[in-house]
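Thanks for coming, everyone. Let me put the next model on the screen.

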Amino acid sequence: MVYLKTDEEIELLRASNDLVGQTLGELAKVIKPGITTKKLDCIAEEFIRDHGAFPTFKGYPNPNGTPFPASICTSVNEQVVHGIPGDVVLKDGDIVSVDCGTMLNGFCGDSAYTFCVGEVSEEVRKLLRVTKESLYLGIENAVPGKRLGDIGYAVQTHCEKNSYGVVREFVGHGIGREMHEEPMVPNYGRRGTGVLLKNGMCIAIEPMITLRSRQLVMEDDGWTVRTKDHMCAAHFEHTIAIRKSSADILSTFRYVEDVLGDNAI
């Protein structure tokens with residue numbers, strides 16, 4: 001069932017999502033060659049808890065019941081989503097997607113940003129730019145009267161026009177008191193199909209786009225998903241509320257972009 005949110009609930013969602021944005025901004029300050037993904041996780045968890053919230057990812061079970069062991073997902077290079085922070089040392093030329101979720105005052109926040117580590121090739125930077133552009137094109141179609149297929153179509157056509165792969169096995173989702181609610185929000189689709197969008201619907205749109213083939217492999221840890229061809233992947237995510245005339249973006253990249261300045265994607 002799709003739950004429509006009240007204005008008051010949307011403001012509580014905004015507060016939780018703003019904290020996610022702040023957390024990503026804190027990580028933007030330290031993402032550079034030499035730092036481990038485990039250190040990023042420690043910084044994020046401390047920041048979230050210091051602000052009266054808790055990380056929704058920590059302990060979240062996968063379909064096999066295995067709890068996620070960290071507070072953020074850190075997916076490096078060919079890892080698409082759900083990378084587990086650990087002893088991996090980021091090096092010059094890497095990219096790392098950081099997916100972050102919070103629970104604050106009973107409502108969830110969820111957002112992701114793919115960061116460059118040092119000097120990254122133009123080929124990979126373009127992948128990041130196009131993926132981020134596709135997110136906003138999807139958001140432009142998140143208005144009452146349109147359907148989920150319109151969002152997916154906008155993401156898919158922009159990315160495939162650039163010869164990138166669009167991941168189908170993992171999708172966006174509804175969000176509210178639970179991190180994952182109905183409906184599922186694919187990054188592909190046909191215009192005019194799927195669930196009708198209504199005022200008060202809150203969803204997370206999250207393009208996961210690969211440099212070449214969209215074929216995926218699940219690693220032995222039961223969480224980490226990577227590209228089969230070991231080529232890079234990008235992931236950007238916003239939580240939005242569908243309002244009467246346009247989408248209201250509840251999460252924010254402002255804190256990240258304030259840190260990165262001209263180096264922001």
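**Overall fold**

Start with burial. Of the 265 residues of the protein chain, 53% count as buried, where buried means under 20% relative accessible area, exposed over 50%, and partly exposed in between, with a 1.4 Å probe and protein chains only. A word on the source: this is a predicted model, local features need pLDDT of at least 70, side-chain atom pairs count only at pLDDT 80 or more, and totals for chains, interfaces and linings use all residues. Residues are numbered from 1 along each chain as its sequence is written, and side-chain values use heavy atoms, with hydrogens and water left out.

Size next. Along the principal axes, the C-alpha atoms fill a box of roughly 45 × 45 × 40 Å.

Contacts now, meaning heavy atoms within 4.5 Å. Take those in the protein chain between residues at least 6 apart in sequence: 70% of them join residues at least 24 apart.

**Helices and a sheet**

The chain has five helices and 15 strands. These are DSSP runs, numbered from the N terminus: helices are H or I with at least four residues, strands are E with at least two.

Helix H1 covers residues 7-28. Its 22 residues reach 31 Å from first C-alpha to last, close to the 32 Å expected at 1.5 Å a residue; the expected span is 1.5 Å times one less than the number of residues. Buried residues of H1 include Ile10, Leu13, Asn17, Val20 and Leu24.

Now an open sheet. Three strands, order E6-E10-E13, antiparallel pairing. The edges are E6 (165-166) and E13 (233-235), each pairing on one side only. Pairing requires that DSSP finds at least two bridges between two strands. E6 and E10 (residues 208-210) pair over two bridges. Glycine 165 has threonine 210 in E10 as its bridge partner.

Helix H3 (residues 122-140) lies across E10 and E13, at about 35 degrees to E13. For that angle, axes are lines fitted to C-alpha atoms, for helices over the stretch in contact, and angles run from 0 to 180 degrees between N-to-C directions.

**One residue**

Last stop: histidine 158, in helix H4 (residues 148-161). Is histidine 158 buried or exposed? Histidine 158 is buried, because its relative accessible area is 14%. Neighbours within four places in sequence aside, histidine 158 contacts Val130, Glu133, Ser134 and Leu137.
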